[in-house]
Amino acid sequence: MTTLHLQPRWAEAAQALVDGCIDLREDEDRVALLATVCDGLGDALYPAFLRVLALIGRHGDHAACAAVAHVLVHALRTGRLPSGRRGAWGWGQGAAPGNSRSLGPLEYLCAWHAQSDPLQALAAEAFQPAARALMDLVSADPEARQLYCEKLLADADDPLSGALTRQAREALRALALAWSGGASSHEASARFLNALSTPAGRGLGPQFGMPAFAPR
Amino acid sequence: MIRTSAFAPPALGGPPPRARHAEAAASSAWFDDDPAAAGLRIGCDVDTASRGLGVAEHARRVLSCLCQHDDPRR
């Protein structure tokens with residue numbers, strides 16, 4: 001079983017990840033590095049990977065951010081964005097154990113914040129700085145930003161994946177459209193939060209995010 | 001500081017209400033400001049010890065800063 005250190009060395013981990021992205025010669029190896037780190041952490045600790053990326057986005061110089069963002073370009077092109085698994089939006093007690101979805105860094109944060117159980121959801125105060133830092137990291141490479149926006153829009157158009165509620169997909173679309181249109185990470189993440197809090201979402205009341213049919 | 005125990009997966013049937021509140025607080029704690037990060041600069045000057053390593057070794061360097069594997073047989 002993998003457990004987080006009582007006092008993880010976040011900054012050291014972030015620097016080590018950047019070092020690897022620069023030192024490895026091949027894009028394939030760099031993508032493999034991200035995947036190996038995610039595999040080593042496991043799904044329960046995937047947020048630790050997000051925190052490391054956010055730390056690089058917040059405190060990395062441009063070259064460090066660009067090195068990681070460049071790896072994300074190759075990962076996006078080859079469909080291997082480092083991902084973590086979360087329960088599908090109708091997932092809950094009694095549902096099939098395999099009913100989870102693989103989500104990339106930004107989508108994971110969005111699904112985490114938008115999840116139906118407010119007790120387990122990522123608070124907006126935590127979501128926005130983390131999302132901004134991830135977007136700032138990706139934006140260090142314009143191609144990474146463009147490809148990531150295209151992926152987010154494709155996710156927003158895909159109701160069958162089951163990873164996000166309809167409302168969350170609309171919010172994701174608002175984020176992606178703003179971000180691809182040149183909005184800052186602050187503005188784009190605010191669009192996501194605003195879209196989630198529109199009357200359409202509130203109007204569903206406590207059933208918002210619940211499965212339409214109870215699992216058998 | 002993030003405590004590992006706060007992130008343990010819920011037991012079968014779900015945790016009791018008080019534990020669920022603790023989980024919620026812990027969820028947001030993943031992205032708490034880290035005072036140690038003030039003034040931090042992450043650059044791209046790879047030190048000598050980190051050069052020429054393979055994928056597995058670079059990954060091990062990252063993971064060793066974050067987590068440990070506990071052998072359940074112990």
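Predicted model: local features only at pLDDT ≥ 70, side-chain atom pairs only at ≥ 80, totals over all residues.
Helix α7 spans residues 142-156 of chain A and helix α8 spans residues 166-180 of chain A; they pack at an angle of about 155°, and their axes lie 8 Å apart. Angles over 145 degrees count as roughly antiparallel, and α7(A) and α8(A) are therefore described as roughly antiparallel to each other.

The residues that make this contact can be assigned to each helix. From α7(A) come Gln146(A), Cys149(A), Leu152(A), Leu153(A), Asp155(A) and Ala156(A). Helix α8(A) supplies Arg169(A), Leu172(A), Arg173(A), Leu175(A), Ala176(A), Trp179(A) and Ser180(A). Sorted by class, the contact of α7(A) with α8(A) comprises eight nonpolar, two polar and three charged residues.

The description now turns to the two chains. In the contact between them, 41 residues of chain B meet 53 residues of chain A. On the side of chain B that touches chain A, the elements giving two or more residues are α1 (17-29), α2 (55-66) and β1 (67-69) of chain B. Of these, α2(B) provides the largest share, with nine residues. By class, this side of chain B holds 23 nonpolar, ten polar and eight charged residues.

Strand β1(B) also pairs with a strand of the other chain. Its partner is strand β1 of chain A, residues 2-4, and the two strands run in the antiparallel sense over three bridges. Within this pairing, Leu4(A) has Cys67(B) of β1(B) as its bridge partner.

How values were computed:
Residues numbered from 1 in each chain as written. Chains lettered and ligands numbered in written order. Axes fitted to C-alpha atoms, helices over the stretch in contact; angles between N-to-C directions. Helix = DSSP H or I, 4+ residues; strand = E, 2+ residues; numbered from the N terminus. Parallel < 35°, antiparallel > 145°, perpendicular 65-115°, else oblique. Contact = placed C-beta atoms within 7 Å. Nonpolar A, V, L, I, M, F, W, Y, C, P; charged D, E, K, R; others polar. Pairing = 2+ DSSP bridges.
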